[in-house]
Amino acid sequence: MSSDSQAGYGRRLNRVYLGYVACFALFVLLLSGLERLGLSREAIGLIFLLATVLLYAGIGIVSRTIDPAEYFVAGRRVPAIYNGMATAADWMSAASFIGLAGTLYLQGFNGLAFVLGWTGGYCLVALLLAPYLRRFGGFTISDFLGERYGGHWPRLLGVFATLLCSFTYVVAQLFGVGLIASHLTGIAFELGVFLGLGGMLICSFLGGMRAVTWTQVTQYLVMLVAFLLPVAWLSVKQTGSPLPQLTYSQQLERVSAREQELVRDQRELDVMALYRHQAEVLQAKLENPAAALAQDRDRAQEWLDDLRRLSAPPEDIAAAERALYHLPRDEAGARRIWGRELEEAEAKRLPLGGMLPHAQAYAGDPDGDKQQRLEFQSSRNNFLALMFCLMVGTASLPHVLVRFYTVPSVRQARNSVAWTLLFVALVYLTAPALALLVKHEIMTGLVGSHIDLLPSWVASWSRVDPGLISVRDINSDGLLQFNELTLGGDMIMLASAEIAGLPFVVSGLVAAGALAAALSTADGLLLTMANAVSHDLYFKTVEPGASSARHVMLTKVVLLVMALIAAYIAASKPSNILFLVSTAFSLAASAFFPALVLGIFWKRTTGAAAVAGMVAGLGLTIYYVVTHQPWLRALFALEGKAELWWGIEPISAGVFGVPLGFLVILVVSWLTPPPPPQAQALVERLRRPA
Amino acid sequence: MPRPESSERYWRTNIRLITAGLLLGFVATFGLPFFARDLSWRFIGWPFGFWVTAQGALLIYLLIVSGYAWIMNRLDDRLPGADGNPRA
């Protein structure tokens with residue numbers, strides 16, 4: 001395409017998306033008008049859900065294609081700014097949109113590792129990968145490994161690593177879709193999963209990368225508005241400025257001062273003492289759960305018998321029956337339930353419910369006693385290690401990297417990374433502000449108010465899921481203390497509109513934004529996995545001569561199968577899925593980063609070395625995660641508890657895998673004969689000026 | 001087709017830019033947050049360590065990425081025989 005027609009294409013896109021933004025604004029205004037006329041919350045939620053899913057499916061139908069270049073890389077003519085938006089949507093998952101503000105609320109400064117890691121990764125993409133991958137101009141990341149290193153093994157390892165880190169990620173996105181849909185409309189969780197899946201599948205099945213790109217641009221715009229609107233409103237309410245990013249320093253000061261007050265508050269101290277007592281009781285029970293359970297049951301039975309004998313009022317008898325019924329069924333159940341209660345009590349016996357002061361960098365104290373110094377060092381090491389893994393992982397996730405194949409030129413690839421970072425940063429600069437504004441609202445507005453007079457959103461979200469928010473007046477003074485409030489991280493974003501006092505329609509918008517975040521990421525992931533299987537596994541390895549129509553058809557079938565498996569797993573509500581997602585960054589980093597970077601920047605890198613490095617890096621990361629994560633240890637029937645290496649948590653396992661990968665590639669490359677001339681010629685081609 | 005020596009010079013400039021960008025990024029990501037506890041002076045109303053981790057580093061990243069794109073694109077413009085690249 002000439003640059004003139006490319007410019008015309010860009011102008012046409014601008015018109016289409018301006019029109020879309022106008023329609024979207026009208027749609028939201030219309031709904032808010034209908035809300036005033038008495039449209040119910042469920043109806044608003046359902047309209048939002050259906051409208052957005054239909055919109056995404058509609059884009060899929062309009063951009064359907066069977067041409068491989070269109071299907072795999074959107075015809076390589078996506079302008080840099082639109083690819084920036086699409087990459088930002090592809091990149092920001094349900095975890096970024098909903099979870100990040102919550103993490104920042106709960107962890108304060110220490111949560112900033114996610115903000116830095118998830119944005120800093122784009123420096124690596126811009127400087128080390130995107131321009132060269134675009135110059136290479138393939139279809140998938142394993143494509144690059146296969147061409148650069150020759151032979152089937154690098155390509156197949158690439159496919160394996162792609163599937164390994166993308167599959168759990170996609171399951172988690174679908175899980176998020178189910179949660180949001182059921183929160184928003186009250187439909188069943190499984191139905192939500194399959195409804196979201198339907199819209200997504202029509203899109204990626206019919207139009208491949210072309211449809212996914214244009215849907216992701218649409219979704220980015222929804223996400224951005226949904227994220228910024230409630231925060232701006234909350235900020236106007238608290239500080240009078242609609243730009244909280246610039247002014248939340250005053251709130252940081254106020255929250256820090258309030259934290260000092262709360263730590264010394266007598267009622268808070270009472271609550272902490274009660275929880276300390278509760279923790280001691282639970283600890284004693286857990287030493288011998290079977291006996292404790294039998295004793296509890298006897299006592300509850302006795303109490304019930306006494307009430308019956310005295311012909312107490314029926315509601316008292318019913319309450320005693322319920323208490324008996326709700327006791328753990330068996331010893332394993334007692335261990336689980338009491339263990340959870342103990343964990344909660346252990347946190348709530350500490351000041352601020354175990355949270356660190358918001359502005360404090362790292363736990364522990366560098367000037368304190370030995371224990372505190374160790375805690376400080378371990379906290380800081382883990383912060384830096386997590387940041388490293390998230391950065392390198394961002395620069396290695398296949399579904400993000402393939403997006404840079406879709407721009408028209410190397411220069412546009414460079415520009416596109418800058419746009420992506422800008423669009424991601426808009427959200428990531430705002431998330432810390434949201435966390436702090438909500439904390440201010442809760443510490444000054446909610447804490448100390450009468451338990452019966454709490455705002456209505458507390459009760460309504462508690463009904464949806466007590467894990468999101470629950471209140472327990474443990475010292476029975478009728479007032480809410482900070483430690484009597486349990487807040488799940490996801491609550492911060494989901495309820496931000498209501499906390500800001502905005503109408504329900506904005507809550508619907510926030511949920512639609514969360515849905516967009518989950519669906520856009522899931523779309524990109526599914527397509528990447530399907531391409532890896534059909535392009536690299538089948539087209540390049542099994543049947544190289546297959547026709548292009550067959551190529552695209554096969555990808556569609558694989559896509560459908562993958563999507564159904566992922567949805568089936570998501571619908572069974574797997575626990576622990578969130579942990580697997582966070583390790584995806586470490587896995588991707590150790591599998592891809594050394595082989596990709598050395599393949600571009602060091603001509604001497606050989607195929608055998610790349611294979612060895614990928615296996616060693618990925619192997620070490622998997623080994624560390626499996627042996628150090630308690631839940632995976634149990635799954636693989638490993639006994640006892642493993643000592644952490646230098647105190648590094650398993651989520652940051654990549655901090656060992658990535659350096660090992662580099663080391664192995666360097667050493668093995670020197671030990672093996674230099675790569676063949678065509679590999680060297682490929683590297684030469686990548687390095688020439690655009 | 002650019003002459004080999006100009007293409008070599010282009011690559012050397014590129015490597016220097018990349019090194020500078022990575023160093024700057026390293027200082028912003030690992031250098032400053034490492035000392036976050038000690039960087040407690042006020043900076044436009046913020047404790048400096050908090051600000052640099054929550055906002056400053058992001059602005060530096062934006063500077064690195066857009067600065068690199070700008071310089072490299074201009075370098076591409078100046079080289080002979082450099083128009084759009086082949087589309088695969």
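This is a predicted model: local features need pLDDT of at least 70, side-chain atom pairs count only at pLDDT 80 or more; totals for chains, interfaces and linings use all residues.

**Loop serines and the chain contact**

Analyst: A:Ser311 counts as exposed because 8 C-beta neighbours lie inside 10 Å. Residues are numbered from 1 along each chain as its sequence is written, while chains are lettered from A and ligands numbered from 1 in the order written.

User: Where is the place of A:Ser311?

Analyst: In the loop between α12 (289–309) and α13 (314–325) of chain A. Helices (H or I, at least four residues) and strands (E, at least two) are DSSP runs, numbered from the N terminus. A:Ser311 is not a glycine, yet its phi is positive, about 40°.

User: And what phi does A:Ser476 have?

Analyst: A positive one, about 50°, although A:Ser476 is not a glycine. A:Ser476 sits in the loop between β1 (469–471) and β2 (485–487) of chain A.

User: Is A:Ser476 buried or exposed?

Analyst: Exposed, because A:Ser476 has 8 other C-beta atoms within 10 Å.

User: New topic. How many residues does the contact take from chain A and chain B?

Analyst: 41 from chain A and 40 from chain B. Contact means C-beta atoms, placed from the backbone, within 7 Å.

User: Which element gives the most to the side of chain A that touches chain B?

Analyst: α17(A), with 12 residues.

Definitions and conventions
Two residues are in contact if their C-beta atoms, placed from the backbone, lie within 7 Å. A residue is buried if 20 or more other C-beta atoms lie within 10 Å of its own, exposed if 12 or fewer, and partly exposed in between; C-beta atoms are placed from the backbone.
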